[in-house]
Amino acid sequence: AALPLSLSNSLATPTSSSLLLSTREALHHLDLGPTSAPPTPLLISPPLDFSPTLLAHSPGGLLLAAAAPRHVAILTLPPPHRAFRRSNAESSPATSARAAVSQAAATATARPLARSLFRLRPELTVLDLRWHPWSDGHLLLLTSDATLRVFNVAKSVELEEQALEIALPFSASPTRFAFGSPSKPWSRFTVFVLATDGALHAICPVAPFSAILPSSAAAALR
């Protein structure tokens with residue numbers, strides 16, 4: 001059966017010729033290259049209780065965040081599927097066969113995020129989400145109350161580490177956000193939030209607590 005293709009539940013992978021699709025039960029890696037290999041499914045355990053509309057890989061590829069307006073889940077990917085990168089070492093038929101068996105039996109473990117928050121705030125919805133580029137464990141959620149919430153998922157999937165309120169005009173609401181250019185010292189710690197009135201708002205600095213920076217990056221901030 002054909003897998004429904006929707007840009008709302010898809011994510012471009014680190015290789016430009018592939019696409020990641022998510023359903024409630026599985027992740028599907030689609031190879032869009034000239035070979036057009038069959039989709040590579042990865043079961044989600046337990047299955048999600050929502051249909052994802054947003055996906056985001058962590059910087060190191062270990063975690064995947066999946067979200068819908070009222071739900072967020074953190075998926076821990078097994079080693080063969082992390083960021084869905086293929087190992088160049090898999091060259092022999094025997095090695096490839098072992099890898100295929102391993103991947104067929106693998107599952108992604110799912111954990112709900114901020115479940116209590118959405119239970120207590122029935123009007124709250126998720127607008128956008130991204131991982132902090134300087135951390136493989138800090139996820140940022142932009143919510144409909146004009147708040148940017150930072151979660152350290154390694155420590156808690158219920159309590160946010162930071163909650164940054166965004167000052168907007170009464171008539172405007174946030175829509176999406178993005179980090180600045182990694183090539184500019186302070187821009188990499190700046191979050192740009194797009195509002196419904198077309199204005200772009202900057203929040204700086206936005207950094208994980210106890211973040212460890214390379215000495216060169218720290219020196220560039222002086």
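Ala56 stands opposite Ala65 in S6. This is a predicted model, where local features need pLDDT of at least 70, side-chain atom pairs count only at pLDDT 80 or more, and totals for chains, interfaces and linings use all residues. Residues are numbered from 1 along each chain as its sequence is written, and side-chain values use heavy atoms, with hydrogens and water left out. Strands here are DSSP runs (E, at least two residues), as are helices (H or I, at least four residues), and both are numbered from the N terminus. Two strands pair if DSSP finds at least two bridges between them.

S5 and S6 run antiparallel and are joined by 4 bridges. Their hairpin has 5 residues between the strands, and in it Gly61 takes a positive phi near 85°. On to S7: 6 bridges join S6 to this strand, again in an antiparallel arrangement, and the hairpin between S6 and S7 passes through 2 residues. Ala65 also stands opposite Ile74 in S7.

How many of the residues of S6 are buried? The strand is mostly covered, with 6 of its 6 residues buried, where buried means under 20% relative accessible area, exposed means over 50%, and partly exposed lies in between (1.4 Å probe, protein chains only). Leu63, Ala65 and Ala67 point one way from S6, while Leu64, Ala66 and Ala68 point the other way.

## Nonpolar cores

A nonpolar core is a set of buried Ala, Val, Leu, Ile, Met, Phe, Trp, Tyr and Cys residues joined through side-chain atoms within 4.5 Å. The largest one has 19 residues, and those with the most contacts inside it are Val72, Ile74, Leu113, Leu129, Trp131, Leu139 and Val153. At least two residues of this core come from each of strand S5 (54-57), strand S6 (63-68), strand S7 (71-76), helix H2 (115-120), S9 and S10. A second, separate core has 16 residues, including Ala66, Ala73, Ala106 and Ala110.

## Two open sheets

Further along the chain, let us turn to two sheets. Strands of a sheet pair through backbone hydrogen bonds, either parallel or antiparallel.

S13 pairs with strand S14 (residues 191-195) over 5 bridges, and the bridge partner of Ala178 is Phe192 in S14.

## Salt bridges

A salt bridge is a side-chain nitrogen of Lys or Arg within 4 Å of a carboxyl oxygen of Asp or Glu, and the count comes to 5. One of them pairs Arg121 with Glu123 at 2.7 Å, N to O. Arg121 counts as partly exposed because its relative accessibility is 26%, and Glu123 is also partly exposed, at 49%.

Arg149 is buried, at 6% relative accessibility, whereas Asp145 is partly exposed at 26%. Arg121, Glu123, Asp145, Arg149 and Glu160 are linked in a network of salt bridges. Asp128 and Arg130 form a salt bridge at 4.0 Å; Asp128 is buried at 6%, and Arg130 is partly exposed at 36%.

## Aromatic contacts

Arg130 also lies over the face of Phe177, 5.9 Å from the ring centre. The rule for such a charge is NZ of Lys or CZ of Arg within 6 Å of the ring centre and within 35 degrees of the ring normal.

The whole structure holds 1 aromatic pair. Trp134 and Phe189 form this stacked pair, 6.0 Å centre to centre with 10° between the planes. It links distant parts of the chain, with Trp134 in the loop between S9 and S10 and Phe189 in the loop between S13 and S14, 55 residues apart. Rings of Phe, Tyr and Trp (its six-membered ring) pair if their centres lie within 6.5 Å; planes under 30 degrees apart count as stacked, over 60 as edge-to-face and the rest as tilted. Trp134 is partly exposed, at 27% relative accessible area, while Phe189 is buried, at 5%.
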